[in-house]
Amino acid sequence: MKLSVAANYDPDIIPQLAEYPVEEIYGKFHLDCIGGGRPSYMGAVLSEKDLADYVKALKKNGIAFNYLLNSSCLSNREWSRRWQGRLLRLLEKIAGMNITRLTVSTPYLLERIKATFPHFSIRVGIFAQVDTPRRAKYWENLGADNITLESFSINRDFRRLELIREAVGCDLTLIANHPCLPNCPLQYYHQNGFAHSSDGKGSFFIDYCFLKCTYERLRDPSYLIKSCWIRPEDVAFYEALGYHHFKILERDIPSSELLKRVHSYSRGHSPADLTELILPYGFKEAPKRRKLWLIRNFLKPTKISLLKLKVLHDFAKEQGMLFPLKEHFFCVESSGIPKDFILGFRGRNCSELNCAKCGYCETIAKQSVRLDETRRSELLNQLAKIDNMLVSGAFWHV
């Protein structure tokens, strides 16, 4: 097993991470000319010295740093001289920090980097949507050293995983602990929203897609089971298929939570509440934010009504999204998930099934998902109100 773990930039936990099979830590500046897979307001604000020191500390402990250039869209700026100059300066800066691993999601960026900086080891990110042997082979032929597969939809499609593994010789990575909806119809829109919210252009971003998928999970809690996460107990099953690289989310979460995830996957044992591994929010400890974080990122009176924005703020705070949370109103009890859970997907191609007729995940959800129905109803009503304000234009008084 080799783990690729999200960066929270806490140097104090690096020696602890080194005790596990952590091969690399991945992260980036909160803004650069490429953009990435999270809005800039969620990223840690680092100076060049901060990142250089962090990379140096990782290297002392035998861990590499993987810099993310994983934006799904470059806005056609890549065809301009100005952007090309900014790209080269960024790559020179990264190389100067002794970073040798990069993640990209666009074919041109992979080729551009390999042509100019051939020493970089290039990983292909999940936003590249690699979900077939043909797509994997295409990226390998471009020069990819490692490909993160489209784990949101194929982590439980074992025949597909076997065929992809047979098709390429490069390393393949699976994301182990994402909570995303399977075959998510919001995926492309969401990824492009992230790309344009972290590329330095200063655009204002409301995470509409995240609100919608949160609503779906509240409406139908079986999505907590249907999401294609991998239980720590099932890692050996994937290793038998030829997969040994696993990516652990989430960036900038509290150190105790990050270490819990690394420990669970390294030891093959889930905590009592599985949501502790898969949710990207809802932690008792507040995320570290720079001074005046809310004002810097959301005080945009020319772009949105501040009174309306308060509704979003209050909902996020109640859910522990970007804020600390004392207690969750739901959990997924690991004891309620059968030991042979993963085997139940053999012979099932979930992408082709009607969930209402299958019922496998619904049955397990009834055994394992526990929630406060009153709070659930309240939050569904809040989300319905927010959605109505967004689609009616009320957020902007238009």
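**A look inside**

A: Let's start with the share of the chain that is hidden: buried residues make up 56% of the 398 residues in the protein chain. Here "buried" stands for under 20% relative accessible area, "exposed" for over 50%, and "partly exposed" for values in between, using a 1.4 Å probe and protein chains only. What you see is a predicted model, in which local features need pLDDT of at least 70 and side-chain atom pairs count only at pLDDT 80 or more, while totals for chains, interfaces and linings use all residues. Residues are numbered from 1 along each chain as its sequence is written, and side-chain values use heavy atoms, with hydrogens and water left out.

Along the principal axes, the C-alpha trace spans about 55 × 55 × 40 Å. Of the contacts with a separation of 6 or more, 74% join residues 24 or more positions apart, where contact means heavy atoms within 4.5 Å.

Now to the interior itself. In soluble globular proteins, nonpolar side chains tend to be buried together. In this chain, the largest nonpolar core has 128 residues, and Phe65 and Tyr238 touch the most other members. Helix 18 (residues 373–392) gives the most to this core, with six residues. A nonpolar core is a set of buried Ala, Val, Leu, Ile, Met, Phe, Trp, Tyr and Cys residues joined through side-chain atoms within 4.5 Å. If you zoom in on tyrosine 238, then, not counting residues up to four places away in sequence, its contacts include Phe158, Leu161, Leu174, Phe246 and Ile342, as well as Asn155 and Arg156.

Loops can be hidden too. Phenylalanine 120 sits in the loop between helix 4 (107–116) and strand 5 (121–124), and it counts as buried because its relative accessible area is 1%. Beyond four places in sequence, phenylalanine 120 touches residues including Leu91, Ile94, Leu102, Ile113 and Asp145.

Aspartate 220, in the loop between helix 9 (208–219) and helix 10 (223–226), is buried at 18%. Leaving aside its neighbours within four places in sequence, aspartate 220 is in contact with Lys226 and Arg376. Aspartate 252 also counts as buried, at 17% relative accessibility, and lies in the loop between strand 8 (245–248) and helix 12 (255–267). Its phi is near 65°, a positive value in a residue other than glycine. Most residues other than glycine have a negative phi.

Notes: Helix = DSSP H or I, 4+ residues; strand = E, 2+ residues; numbered from the N terminus.
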